[in-house]
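Thanks for coming, everyone. Let me put the structure up, and then we will walk through it.

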Amino acid sequence: MDGFNSPTSTGLGPAYGNVGAPASGIAPTISITSPTGGSLTGRHVQISGTISGQPNVGVAVNGERAYVYNGTFLTRTLTLDATTSQLSAVATTPDGLSATASTTISVSSIEPDATLEADADAGFAPLPVGFAIRLRPGLELTAQNIIIDYSTDRTPDYNGSSPIPLTMYAGPGVYTATADITLSDNSHRIVSRKVIAVDLAEQRTNVCSVYANLKARLVAQDAAGAVRSVTGGLHPKLLAFFTAMGAKMPIAGAGLGTLADGTLGLDGADVVAVREVSGKLRGYPIHFTRDATGVWRIDAM
């Protein structure tokens, strides 16, 4: 498969060979590494942790999709209410196996004196991020100096005042930016913010594996397995269609063609598949989306 063109990439990227269908029956694992429980100051929180399993394992925390890179996950900033007492992270495989990790918390209505804001929680690497300090409304203090470590390597990357210059996360990963704020009374506030720079190549592999699974399950005359490649709304129609094919399913699977080119976003992809018909190449569009569990599936074709 050829690479996809991402809106935040600088070209099509490296060419891809045929990506195989993911193995079935492999249960995922998941753990929450932050927050680890206890009382949260304020109602805004990001949840991060680790997962293991096959390609295209999705993660959702309290029903909100997370983003994944190389076995780590991170949510966007979630706004909790006072009734929230548990964070539950669920890892789901393309064939429906799941694992859950939970942590007990208490949410405070008292907002922190300072927070580190970011204009992007997630994006493709290389990822530019603009940070800003926000002081609690009503706080009768001002920020006199800001020292920021953008990647928690204990080396100050910025020492100055607002506005904070744009920073660039060149490679994929989950980064924690930490700011030491000196206020006008000479007191300090330490605040942090996480950012995930998603790997474009890993996302392309996930999308390719969905299509590969559809083809492989049709060739194996496994209608139920084939519909796992599509979103839930397409299940009834396609299951009946594939089942009616019977012995012709392998022919249909072999004729699906090859993913060639398209655009890839964090939560959706529009790709053109090509196949040879009567000696000529024909292309047809396929739309992929991440479902509510965070798993990539085909939404239209």
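**A buried phenylalanine, then the wider view**

Start with F124: its relative accessibility is 5%, so this residue counts as buried. Buried here means under 20% relative accessible area, exposed means over 50%, and partly exposed lies in between, with a 1.4 Å probe and protein chains only.

A word on the source. This is a predicted model, where local features need pLDDT of at least 70, side-chain atom pairs count only at pLDDT 80 or more, and totals for chains, interfaces and linings use all residues. Residues are numbered from 1 along each chain as its sequence is written, and side-chain values use heavy atoms, with hydrogens and water left out.

Back to F124. This residue sits in strand β13, residues 122-124. Now look across to L264.

What does L264 pair with in β22? Its bridge partner there is A269. Strand β21 covers residues 258-264, strand β22 covers residues 268-277, and they pair in the antiparallel sense over six bridges. Together β21 and β22 make a hairpin, with three residues between them. Two strands count as paired if DSSP finds at least two bridges between them.

Next, an open sheet. Four strands build it, in the order β1-β4-β8-β7, with antiparallel pairing. β1 (29-34) and β7 (67-69) stand at the edges with a single partner strand each, so one side of each has no neighbour in the sheet. From one strand to the next, the twist averages 30 degrees. For that angle, axes are lines fitted to C-alpha atoms, and angles run from 0 to 180 degrees between N-to-C directions.

β7 pairs with strand β8, residues 72-74, in the antiparallel sense over three bridges. Which residue of β8 stands opposite V68? That is F73.

Now zoom out. The protein has four helices and 24 strands. Both are DSSP runs numbered from the N terminus: helices are H or I with at least four residues, strands are E with at least two. The C-alpha atoms fill a box of roughly 80 × 40 × 30 Å along the principal axes. Of the 301 residues, 45% are buried.

Last, contacts, meaning heavy atoms within 4.5 Å. Among the contacts with a separation of 6 or more, 60% come from residues 24 or more positions apart.

That is the tour. Over to you.
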